[in-house]
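Reader: I have a new structure open and I'd like to learn how to read it. Could you walk me through it feature by feature?

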Amino acid sequence: MPEDKTIRLKIKRQDQPDSKAYWEEFDLPHKPRANVISCLMDIQMNPVTRQEKTVTPVVWESNCLEEVCGSCTMIINGKVRQACTALIDALPQPIVLEPLTKFPIVRDLQVDRTRMFENLKKVKAWIHIDGTYNIGEGPVIPEKQRAKAYLLSECMTCGCCLEACPQFTKNNNFVGASTISQVRLFNMHPTGAMESEERLETIMGDGGIADCGNAQVCVEVCPKKIPLTESIAEIGRETTLQLLKNLFLK
Amino acid sequence: MPKRKPQFIVIGGGLAGLAATMKLCEDKARVTLVSYQPVKRSHSVCAQGGINAAIDTKGEGDSPETHFYDTVKGGDFLAHQPLVRDMCHQAPAIVHLMDRLGVAFNRTPEGHLEFRRFGGTLFSRTAFAGATTGQQLLYALDEQVRRYEHDGQVQKLEWHEYLSAILDSQGVCRGAVLHDLHTGEIFSAKGDAVILATGGPAQVYGKTTGSTVCNGVATTAAYLQGAKYANGEFIQVHPTAIPGQDKLRLMSESARGEGGRIWVPRKKNDDRDPLTIPESERYYFLEENHPRFGNLVPRDVASREIHDVVYNKELGVEGQPMVYLDLTHQSEEFLEHRLGGILDIYAKFTGDNPKKVPMKIFPAVHYSMGGIWTDYESNGSGLIDHQSPRNQMTSIQGLYAAGECDYQFHGANRLGANSLLSCIYTGLMMGPGLIQYSRNLNSHFEDVPSSVFDQARDQWQGRMQSFKQMKGPENPYVLHQELGDILLANVLIVRENSKLEKALTQISDLEIRFKNVQCLDTTHWSNPAPSMIQQLFCQIQLAKIITQGALVRNEFRGAHYKPEYDLNQPKDFDPHEYVEYIEKKQYGEVLESEFPSGHTAYMKRYEECNEQWLKTTIAKHNNNQPEISFEEVNTSLVQPRPRKYD
């Protein structure tokens, strides 16, 4: 625990999507087990900067506060991560908070990650079932295969992998590691596999797997330790096979 | 003329809202889905342990009827029985459906669904996907709804807030007033019915296991429009949570389902490393006091025992309000496989490795058994008529509710792994009735004068504008914290009328201070400040519902514990005696001598108590106060009897 009983936060703020960003600093009393979220909550209760200027409370996005919803992703001391698991006592000060840079800013630390959800539509990241009626049990699945799928299904669409990826930018349409990994997840499932060719065709197209530069940083920043590079390699193999199949069948 | 397609507005994108949306889309309806945030981030992701379905894959003799009995008993018989029974009978089909949707449920060696133990039952009834079952179930439904969105049947309005229902001159709900949280625009949306699937009200208590969006505001808004609110005082305090500044993170009941043991050192303020304390000097109080159920007693029982050990016996770990939850006797491999996700959360937030050292935990506000009142229609044979438009309708015609925000399924205390079930069940079950409701309408929203919608919108525009102009000295976030502190101090595990009365006074003081709140942000883009004030206003009203209900209900039932009204069950009492007693009573007065000493008198007390209090609490908004009345509970299937978890 640091000797200093004050926490200093330096926060990059922006009032509107197209306005200029600016910095504000806040000094807060240290509290046990504090995290970045509890500090932002403290600012709401007393929105006064270090220079004793009363300002509007900082706007950010959060919900579950236990790193399963993906909301509170931001850049903390230069590293992309969730704010809820950013424990104050483990961070050097001042603690610098910035919004994600690869997504349009909404306000302050809040960004618009609609693109990620749109990409899930593109690759049909769902199981096409006959209906919700009671038509019996699901497929028998070996536990080993289930465990592999489970790792991938923990993806909370937080965007860490995309923020870190040098190929994913605001100006291109690369889908990025998280989407590619979801293609793998749904192609692995016995029912999902029935639409695997369609998914592969999509991911072979514009903005798909060919745009991956193999920088391998996605896997390093993933808070859920999803084997993203393994997914990319696997989908790479599958798309190559699909390509060959297309050649011979057409 | 092409056939008119039913159109609905679903508020909330957790399990209940998504299940309802999926089901309605399957019946060709169009759905507008409204959520504070992308629906994939809804609070259902926090549910960890699993979902109950009596599929009996282990030859234990479990059945939906036993599941039904465990659930109504767990809820101290305050739930309507045909509904609970229908839910338990649907549970196996629901779990199989979720499996077909791709949920990565843990498997047996043969590749079938694996089940584990949970609290309040002696059977392995809980299907699970690692330790993130809620997240996995939510994602599966989110994916199905995304498919319908892709096909154009669903319009998502994420980053939108529900403000109120729009009622026509007959008081029928025809739409909703919505608030775009980015642009600040307030507008009216039209639909054949509005479905509230807005989750629980945990945030009224401030620090809880709930997510930030679990604020109880939508249902309170319905209450303020005249809807009945039911059983508000029944708030579940989960026995095992991790203390924190911003949130009390849940440590799932599955930790105990997989063998976790709760204990404290027998010696006060024992500061030894817990691993060096020998077995004989550990007090496994749940196991000692409940040899059959052990660590898997229902949550209300476990929370009371922990409270007693910490505050009455003063045996809290390190003299603090904490007890050990110990998994260190299990192998690391087993724990990783069965509980990985939740143990990671503990490690991330405390820095301790729960596979190596016992966790330190304490009870926290977790779930509301109560909620907005909803209706149902029995099919005459102890189940539900799934075609009835009455199912899940609030007391406002055309306004429905599903999931944690309704009140019907858990009585006075919810059993673990029944919440995911009730959320999905209500969402699916209400679908056919909603379609019927739309078809049966004599006039649709198209026939309602536009002035109805415009007036509702204008009224809210004025109201939000007035919040924006508030310039008093009070910080609304501070008031919210104080409101939570009032409830935590007075309306929690142990309830006393003097403290409840004090809480009501404090809440009305706070309501006066609310008038002097300051809107901390008056800008026009993505400004949460006016909404926060509106939410605080509703939460003050909700705090009154909860506290007033608790004050009026002079008994001890489930999570509502008033020591003064404890009926003092004899230690050697067997609940079956009560069934016998009721039978004997049909043939005349039952004599003291027919049962062991003291039992007949106890059973008479129990019977009298049920006559007065085995009723649903109803709060109606009247003159700025909750007016409390009571309604009968449907106990037509199983004879209520004293609970005992020995």
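Reader: Let's start with packing. Which helices do the buried residues of H2(A) pack against?

Author: Keep in mind that this is a predicted model. The buried residues of H2(A) pack against helix H4 (160-164) and helix H5 (176-188) of chain A, and also against helix H4 (133-150) of chain B.

Reader: And which residues of H2(A) are the buried ones?

Author: Helix H2 covers residues 114-122 of chain A, and its buried residues are Arg115(A), Met116(A), Phe117(A), Asn119(A), Leu120(A) and Lys121(A). Just after H2(A) comes Lys124(A), with a positive phi of about 50°.

Reader: What does the rest of chain A look like?

Author: Chain A has eight helices and seven strands. Its C-alpha trace spans about 70 × 40 × 35 Å along the principal axes. Of its 250 residues, 55% count as buried. Among contacts between residues at least 6 apart in sequence, 64% join residues at least 24 apart.

Reader: On to the inside. How many residues does the largest nonpolar core have?

Author: That core has 108 residues. Those with the most contacts inside it are Ile203(A), Ile51(B), Met98(B), Phe105(B), Leu137(B), Leu141(B) and Ile424(B). Helix H10 of chain B, residues 419-440, gives the most to this core, with eleven residues.

Reader: Can we zoom in on one residue? What does Ile424(B) touch?

Author: Skipping residues up to four places away in sequence, Ile424(B) touches Leu15(B), Ala19(B), Ile51(B), Ile94(B), Met98(B), Leu137(B) and Leu141(B). There is also a second, separate core of 71 residues, which includes Cys173(B), Val177(B), Ile533(B) and Ile546(B).

Reader: Now strands. What's the general idea?

Author: Strands of a sheet pair through backbone hydrogen bonds, either parallel or antiparallel. For an antiparallel case here, look at E7 (residues 160-167) and E8 (residues 173-180) of chain B, which are joined by seven bridges. Ile166(B) stands opposite Gly175(B) in E8(B). The two strands form a hairpin with five residues between them, and Gly171(B) in the turn has a positive phi of about 80°.

Reader: Is E7(B) mostly covered or open?

Author: E7(B) is mostly covered, as seven of its eight residues are buried.

Reader: Where can I find parallel pairing?

Author: E1 (residues 7-11) of chain B pairs with E10(B) in the parallel sense over four bridges, and Leu196(B) is the bridge partner of Ile11(B). E10(B) also runs parallel to E19 (residues 399-401) of chain B, joined by three bridges. There, Ile195(B) has Tyr400(B) as its bridge partner.

Reader: How do I read the two faces of a strand?

Author: In a regular strand the side chains alternate between the two faces of the sheet. In E10(B), residues 193-196, both faces are covered: Ala193(B) and Ile195(B) are buried on one side, Val194(B) and Leu196(B) on the other.

Reader: In what order do the strands of the six-stranded open sheet in chain B run?

Author: The order is E13-E12-E17-E16-E14-E15, with antiparallel pairing. E13 (249-250) and E15 (282-283) stand at the edges with a single partner strand each, so one side of each is left without a neighbour in the sheet. E15(B) is joined to E14 (residues 261-265) by two bridges, and Pro265(B) stands opposite Arg282(B).

Reader: Last one: is Gln81(B) buried or exposed?

Author: Gln81(B) is buried, with a relative accessible area of 0%. You'll find Gln81(B) in helix H3 (residues 81-100) of chain B. Leaving aside neighbours within four places in sequence, Gln81(B) is in contact with Phe68(B), Val72(B), Asn634(B), Thr635(B), Ser636(B), Leu637(B) and Val638(B). Now try Asp344(B) in helix H9 (residues 332-350) of chain B: at 40% relative accessibility, Asp344(B) counts as partly exposed.

Conventions:
Residues numbered from 1 in each chain as written. Chains lettered and ligands numbered in written order. Heavy atoms only, no water. Pairing = 2+ DSSP bridges. Buried < 20%, exposed > 50% of the residue type's maximum accessible area, 1.4 Å probe, protein only. Contact = heavy atoms within 4.5 Å. Core = buried A, V, L, I, M, F, W, Y, C linked by side-chain atoms within 4.5 Å.
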